[in-house]
Amino acid sequence: MINNFTIDFEGAAFEFLTMNATRLHLFQVYVKHEGQRKRFHMQVNDQGTFYITDKLSCPEIYLSLESTLSDAILKLGETKPTKI
């Protein structure tokens with residue numbers, strides 16, 4: 001199951017909303033910056049990590065967090081089914 005989730009990192013709350021309910025593929029990411037809610041997208045690449053698809057949409061201050069945000073998606077974006 002693909003999950004929506006929120007993390008707090010470096011004083012900012014990042015909200016991740018999945019764009020694909022069946023596989024870990026694409027997320028809209030929202031963050032409040034300078035009093036405005038900003039949105040950018042992160043998508044999986046061929047190496048299996050996530051990258052910011054349009055760097056101009058992401059506030060510049062957060063571009064260096066791309067790897068950290070990718071790790072968050074990989075850890076929190078999917079709930080693996082448990083076997084009983």
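**Exercise 1. Over which ring does the charged end of R37 sit?**

Solution. Start at R37 and follow its side chain to the charged end, which lies over the ring of Y30, 3.9 Å from the ring's centre. The test for a charge over a ring is that NZ of Lys or CZ of Arg is within 6 Å of the ring centre and within 35 degrees of the ring normal.

Before going on, here is what you are looking at. This is a predicted model, in which local features need pLDDT of at least 70, side-chain atom pairs count only at pLDDT 80 or more, and totals for chains, interfaces and linings use all residues. Residues are numbered from 1 along each chain as its sequence is written, and side-chain values use heavy atoms, with hydrogens and water left out.

**Exercise 2. Describe the surroundings of K38.**

Solution. K38 belongs to strand β4, residues 36-44; helices (H or I, at least four residues) and strands (E, at least two) are DSSP runs, numbered from the N terminus.

Step two: ask how open it is. K38 counts as partly exposed because its relative accessibility is 28%; buried means under 20% relative accessible area, exposed over 50%, and partly exposed in between (1.4 Å probe, protein chains only).

Step three: list the neighbours. Not counting residues up to four places away in sequence, K38 touches V29, Y30, V31, H33 and P59, where contact means heavy atoms within 4.5 Å.

Step four: look for polar partners. The side chains of K38 and Q36 make a polar contact at 3.2 Å. Such a contact is a pair of N or O atoms within 3.5 Å; within protein, one must be able to donate a hydrogen and the other to accept it, and residues adjacent in sequence count only if both atoms are side-chain atoms.

**Exercise 3. Examine two of the aromatic pairs.**

Solution. Step one: recall the rule. Rings of Phe, Tyr and Trp (its six-membered ring) pair if their centres lie within 6.5 Å; planes under 30 degrees apart are stacked, over 60 edge-to-face, and the rest tilted.

Step two: take one pair. The structure holds 5 aromatic pairs, including F14 with Y62, which is edge-to-face at 5.2 Å centre to centre and 85° between the planes. This pair joins distant parts of the chain, 48 residues apart: F14 is in strand β2 (residues 12-18), and Y62 is in the loop between β5 (50-52) and α1 (66-76). F14 counts as buried because its relative accessibility is 0%, and Y62 is buried with 9%.

Step three: take another. F27 and F50 are also edge-to-face, at 6.1 Å and 75°. They are 23 residues apart, with F27 in strand β3 (residues 26-33) and F50 in strand β5.

Step four: widen the view. Ring pairs link F5, F16, F27 and F50 into a cluster.

**Exercise 4. Which side-by-side residues of α1 are buried, and what covers them?**

Solution. Step one: pick them out. The buried residues of α1 are L69, S70, A72 and I73.

Step two: check their directions. They lie on the same side of α1, because they cover an arc of only 155° around the axis; the arc is that of the directions from the helix axis to the C-beta atoms.

Step three: find the cover. Among what covers these residues are β1, β2, β3, β4 and β5.
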